[in-house]
Amino acid sequence: MTRAAVVVPGLTLALVLAGLVSLGLGYTALSAGDIARALIAAPDDPTGIIVREIRLPRIVLAALVGGALGLSGAALQGLLHNPLAEPGLTGISASAALGAVIALYCGGAAVSPWLVPGAGLVGAALAAVALLVLVGRGAGPLTLILAGVALSNAAIALTSLAMNLSPNPFALSELVLWLLGSVRDRGFDDVLLCLPFLSAGALALWGTGGGLDALALGDETARSLGVALGRLRARVVLGTALAVGASVAVAGAIGFVGLVIPHLLRPLVGARPSRLLLPSALGGALLLVVADAVVRMISVGPELQLGVVTALIGAPFFLSLILARAREAA
Amino acid sequence: MIPAAGFARIDLENVGVVLDGRPVLANVTASLGAPGLVGLIGPNGAGKTTLLRALAGLVASQGRVLMNGQPLARLSPAERARQVAYLAQERAVHWPLSVREVVALGRLPHRGQGHDDQAAIDRALDETGVRAFADRPIGHLSGGERARVLLARALAVEAPVLLADEPVAALDPHHQLAMMGLLRRHAEAGALVMVVVHDLISAARFCHRLILLDRGGVVADGPPDAVLTEPTLATHYRVRAVFPQVGTQALPLAWETLGP
């Protein structure tokens, strides 16, 4: 069996195992037997509540969000034929975060639990519309990247303005913590909220593999192979906006996953963008489930935010990978 | 006239292309009705690449392009891609794909058509002589090897028409001869192959027919010895050519510039 053939089953198995182990981790450590009993326990059983209503939804959410980020990152790197591309580069993450921050700033969290994530989705949609207008006008990879950087910076500036104007330190810390990204205290309501958008986004990104592969040979050659370039770009932008917008809306801005995961997997499955989509989704899910478990295992000090942990794990790993490549190339 | 099975006939009727409000190509009329290697020649800016791109459907054109009597514009992108293979001037490959992966991309238009893609890929690898390094990353190859791999990618489409934009540019003499020989053999096997070529000697030696473009229009069209004459080269290339005899053939050698 080739290395590529074991990657998908291997990652799936690792993801399931990480999820199960993660169910037992936390303030109350649980054995495998405890978890099994908790899953079928009565509704008011305290261990049952911990497992089913606190830990399970956050693990499921971490997997969904990580999967969305990994998949979008792989698709974007293929579309822009740029190894530095990631969901954050398109301005979609920052715009979704801005939407959520505005809702938080206006006290939306107290009005309805749907308001903050809803506003995040609206932010992502606005960024997507701006990008889709550019795609409609025939914008190429460079224009899309530049537009994404501009959108990102505008959204970050407005987010900073909201923080600047926040009425008191508590409001400010709420905004900052939210921005750092977390799946803490999320319930199945959050899972249900993001699931339709996330699935629609994943579905849109799914069928793009062949077109993304052809783009490896440049835009002209891809078009000569029958790839409808405008439609492919629109599909990736839309898919990313749905998947990442929904992720940011419920879990905040979690960086590095979309950038790092495709890089980690390329040596294992090869460089063809179509081959990277599924493994990147699984790898992203695994990374966030593990990062969330790490967060819960550290029992000293306040709980770390997920975005902080992914960056702390991701950045040195990424740097060592790049150094290893540079040594190889030299 | 009914074309032979597997062979494509292309008729251009008053084809024109306007880019950014500027006419780049105007009133190009030609019938490409026999298999063979057709060389598209002309000075820089004559519209050679634009004509190829128009034929490949990569740029909007006026007039009509008929393939076996049917307007090419009416074909879906995938159907058109199965009929017309295009080898772009751009040689960049953005990811470290293996040679076989690059060649396999030529089968993309046939996806879901129930064809034997592996056999077509192997044929293309064999025809261009790159099978020996099929599993190597394309980034590790020399320029000449890479050019052959990209040609194999275009051949793997197994389209009745192959358009190649300057396939021998930046190749050393050995690889230029090998590449032109490959294209000629492919044409002699029954395909309509149209190739943009700058080297007049290659054009004279390998092409069955030459179409000379200048300022967006066809100025000469016929067998190489009828097109590559001293007055034609003086008028359109602004060079004085000499014609040394090699074997039975007099080959055009651009010798000195005329005018500024």
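Between chain A and chain B, the count is one salt bridge (a side-chain nitrogen of Lys or Arg within 4 Å of a carboxyl oxygen of Asp or Glu). The partners are Arg53(B) and Glu220(A), whose closest N and O atoms are 2.7 Å apart. This is a predicted model, in which local features need pLDDT of at least 70, side-chain atom pairs count only at pLDDT 80 or more, and totals for chains, interfaces and linings use all residues. Residues are numbered from 1 along each chain as its sequence is written, chains are lettered from A and ligands numbered from 1 in the order in which they are written, and side-chain values use heavy atoms, with hydrogens and water left out.

The interface also has three residue pairs in polar contact, both residues at pLDDT 80 or more; such a contact is a pair of N or O atoms within 3.5 Å, where within protein one must be able to donate a hydrogen and the other to accept it, and residues adjacent in sequence count only if both atoms are side-chain atoms. On the side of chain A that touches chain B, helices H3 (46–79), H10 (209–215) and H11 (219–224) each supply at least two residues; helices are DSSP runs (H or I, at least four residues), numbered from the N terminus. In all, contact (heavy atoms within 4.5 Å) takes 23 residues from chain A and 27 residues from chain B.

How much area is buried between the two chains? It is about 2000 Å², with carbon and sulfur atoms giving 64%; buried area is the accessible area (1.4 Å probe) that two parts lose on being put together, summed over both. Leu217(A), Glu220(A) and Leu225(A) supply 31% of the area that chain A buries against chain B, more than any other three residues.

A pocket is an open set of points on a 1 Å grid over the protein atoms alone, where a 1.4 Å probe fits, with protein on both sides within 12 Å along at least five of seven lines; lining residues have an atom within 4 Å of a point. Points are joined across faces, edges and corners, and a volume is the space filled by probe spheres set on them. Of the 30 lining residues, Arg266(A), Ala271(A), Arg325(A), Trp95(B) and Pro96(B) lie nearest the centre of the largest pocket. H15(A) gives the most to this lining, with six residues.

The second largest pocket, of about 560 Å³, is lined by 20 residues, with Leu104(A), Val116(A), Trp178(A), Arg186(A) and Val250(A) nearest its centre.
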